[in-house]
Amino acid sequence: MKTESFDVISIPAFRDNYIWLLRHGRLAAVVDPGDAGPVQAVLAREGLQLAAILITHHHADHQGGVAKLLEDHSVEVFGPGAESITGLTTPLYGGERIRPFGAFGAAAEAGEFQVLAVPGHTLGHLAYVCGNRLFCGDTLFGAGCGRLFEGSPEQMSASLQSLAILPETTEVYCAHEYTEMNLRFAAAAEPGNPAIQQRIREAAVLRARGESTVPSTLVLEKATNPFLRCREPAAIAAAKRHGCAGEDPVSVFAALRAWRNEF
Ligand SMILES: [Zn+2]
């Protein structure tokens with residue numbers, strides 16, 4: 001599978017969302033178009049034809065633009081079959097392989113996406129992997145993870161583990177610019193971790209220039225994201241200071257996530 005068969009355009013939306021537009025020749029697929037306007041503006045600017053919509057989960061800031069996009073473009077909508085998704089044509093549950101550009105005759109070159117079930121933030125939440133790119137919605141964030149609106153700590157912990165075993169060079173295209181806020185928490189959870197301090201400095205430089213901290217890489221997340229580091233002694237100690245009774249990774253994850261909610 002060719003992994004460089006499409007490039008990725010970041011479309012900022014709302015206050016801190018990212019809609020990801022995948023460009024393959026003159027075709028485009030969008031991931032989590034919470035707002036149609038900015039997507040249509042990029043399609044027009046770049047002269048692209050919308051070929052597919054991929055949805056990670058049902059929250060309005062991820063699918064609120066689908067209805068409007070479907071008024072102008074008759075395309076396949078991939079998304080969680082377990083959730084209420086506007087215009088859903090291809091319900092997915094995890095384990096499938098999809099070719100979003102396939103209906104437009106670009107199947108072989110445009111790559112195959114692997115669909116992963118990553119429940120936790122919502123119960124039907126999906127992640128999409130193509131080559132070294134991961135589109136993970138609100139599951140894994142830069143130095144953080146999504147809130148548990150619907151799922152249990154067990155589910156989210158397992159979902160994050162299923163992402164953590166992807167190749168370390170995997171680029172993490174999450175759906176929000178939360179990295180700096182998350183890094184403040186990461187530094188509190190692991191005060192002695194120099195990789196977190198370095199990432200804080202790097203993120204500050206990027207944000208001061210008005211640039212995105214996303215995508216990150218899995219190797220960076222594994223070094224700095226406390227929710228992927230629940231077996232580290234410092235994370236375990238921090239969890240214990242915040243009411244964690246056990247040392248197992250799920251208990252540590254649950255305690256860190258609860259602490260993060262109030263941080
Ligand atoms: Zn969400």
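Predicted model: local features only at pLDDT ≥ 70, side-chain atom pairs only at ≥ 80, totals over all residues.
Q: How far apart are glutamine 198 and phenylalanine 227 in sequence and in space?
A: The two residues are 29 residues apart in sequence, and 18 Å separates them in space, C-alpha to C-alpha.

Q: Which residues of helix α1 are buried?
A: Within α1 (residues 36–46), the buried residues are Ala36, Val39 and Leu43.

Q: How do you know where the buried residues of α1 fall, seen down its axis?
A: Their directions fall within an arc of 70 degrees, so the buried residues line one face of the helix. Ala41, Ala44 and Arg45 are exposed on the other side of α1.

Q: What covers the buried residues of α1?
A: The cover includes the strands β1 (7–13), β2 (17–24), β3 (27–31) and β4 (49–54), together with helix α3 (66–72).

Q: What makes α5 roughly perpendicular to α10?
A: Helix α5 (residues 153–164) packs against helix α10 (residues 249–262) at an angle of about 105 degrees, with their axes 9 Å apart. Angles of 65 to 115 degrees count as roughly perpendicular, and therefore α5 is described in that way relative to α10.

Q: Which residues make this contact between α5 and α10?
A: From α5 come Pro153, Glu154 and Ser157, and from α10 come Pro249, Val250, Phe253, Ala254 and Arg257. By class, the contact has five nonpolar, one polar and two charged residues.

How values were computed: Residues numbered from 1 in each chain as written. Buried ≥ 20, exposed ≤ 12 C-beta atoms within 10 Å, placed from the backbone. Helix = DSSP H or I, 4+ residues; strand = E, 2+ residues; numbered from the N terminus. Arc of directions from axis to C-beta. Contact = placed C-beta atoms within 7 Å. Axes fitted to C-alpha atoms, helices over the stretch in contact; angles between N-to-C directions. Parallel < 35°, antiparallel > 145°, perpendicular 65-115°, else oblique. Nonpolar A, V, L, I, M, F, W, Y, C, P; charged D, E, K, R; others polar.
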